[in-house]
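Subject: Structure handover

Hello,

Please find the structure below. My notes on what was found in it follow.

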Amino acid sequence: MGKDRSKTKTLLAAILAFAGALAIGLSPAISADRTRLQPGWDLFSPDQDIQIGKRLAAQVPKQMTLLDNRRVDGYLNQLGQRLAAHAPGYKYPYEYRCVNSAAINAFALPGGYIYIDRGVIQAASDEAELAGVMAHETAHVALRHGTSQASKAYVAEIPAALLSGWLGNNSSLGSTIVQMTTGFVMNSVFLKYSRDDESQADILGTQILYDSGYDPRALARFFETIEAKSKSQPIEFFSDHPNPDHRIERVMEEVTKLGGPPSGYKEDSPQFYEIQKYVDNLPPPPKKQTPQPQ
């Protein structure tokens, strides 16, 4: 009986050790020493983020030219949904569309409305780099940077007594603020994010890339690509997205915290090169574009 019990304990220990190793192998992101990020202070609810984003999205075609190409938008949404599945926090109805501009730029509205310039598709070296830009913008949404920024602007503009009255009535606060989004919030959300916001979006974007099975170093590579291009031409991404200090180094630091690229990571796909070639062969975008929000 003693020997049988000893054998059972040994077998059980071996099974538990194997299960633990398997769990680590299947879920490296869970055990990784990643940077923890949370959305900042916000007057709005996530549902109101969606309402605001929907209103703002309706204004986008009036301010810039969308590509409105089902094939390109379909590809961006397929790729975007893979990334959005790993965005933390509230599950927004993420939607990705292409702007018909040769600029290397992208921007995100609250609630998951994300826009990628065709110039980003053309400048990316592989799908992972394009995914890096999209993950960065997805991170802005997940971290609620747009409405957090608008909230701070409201506090600065609204008289303290009036704000205090609103805060005493949550239903009034919600309905009143949402009604006011057409004007003031539109301008607030379209302001440039802070360097801290950009750094957070870089870090979370790196994590989203990793969790989606892409090489997380791709975001740093894209920054290197557009930095090289910026020596001969202005890059809208840097003018609309304040460049944090040591941006590339911070992305690579996060990759190290994650334990390096995930096993069997993805960089390319035939679909990416097909879409890139397809976009290259489309009629050139209009030369005049309204300056974009970020």
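A pocket here is an open set of points, on a 1 Å grid over the protein atoms alone, where a 1.4 Å probe fits, with protein on both sides within 12 Å along at least five of seven lines; lining residues have an atom within 4 Å of a point. A volume is the space filled by probe spheres set on the points.

This is a predicted model, in which local features need pLDDT of at least 70, side-chain atom pairs count only at pLDDT 80 or more, and totals for chains, interfaces and linings use all residues. Residues are numbered from 1 along each chain as its sequence is written, and side-chain values use heavy atoms, without hydrogens and water.

The largest pocket has a volume of about 300 Å³. Its lining consists of 19 residues, and L37, P88, G89, L204 and Q207 are nearest the centre. Helix α11 supplies the largest share of that lining, 4 residues.

L204 and Q207 are among the buried ones. After α11 comes G213, with a positive phi near 90°.

On confidence: pLDDT (the predictor's confidence in each residue, from 0 to 100) averages 81 over the protein, and 69% of the residues score at least 70. It stays under 50 over residues 7-31, where the model has 5 contacts (heavy atoms within 4.5 Å) beyond four places in sequence.

Regards

Conventions:
Buried < 20%, exposed > 50% of the residue type's maximum accessible area, 1.4 Å probe, protein only. Helix = DSSP H or I, 4+ residues; strand = E, 2+ residues; numbered from the N terminus.
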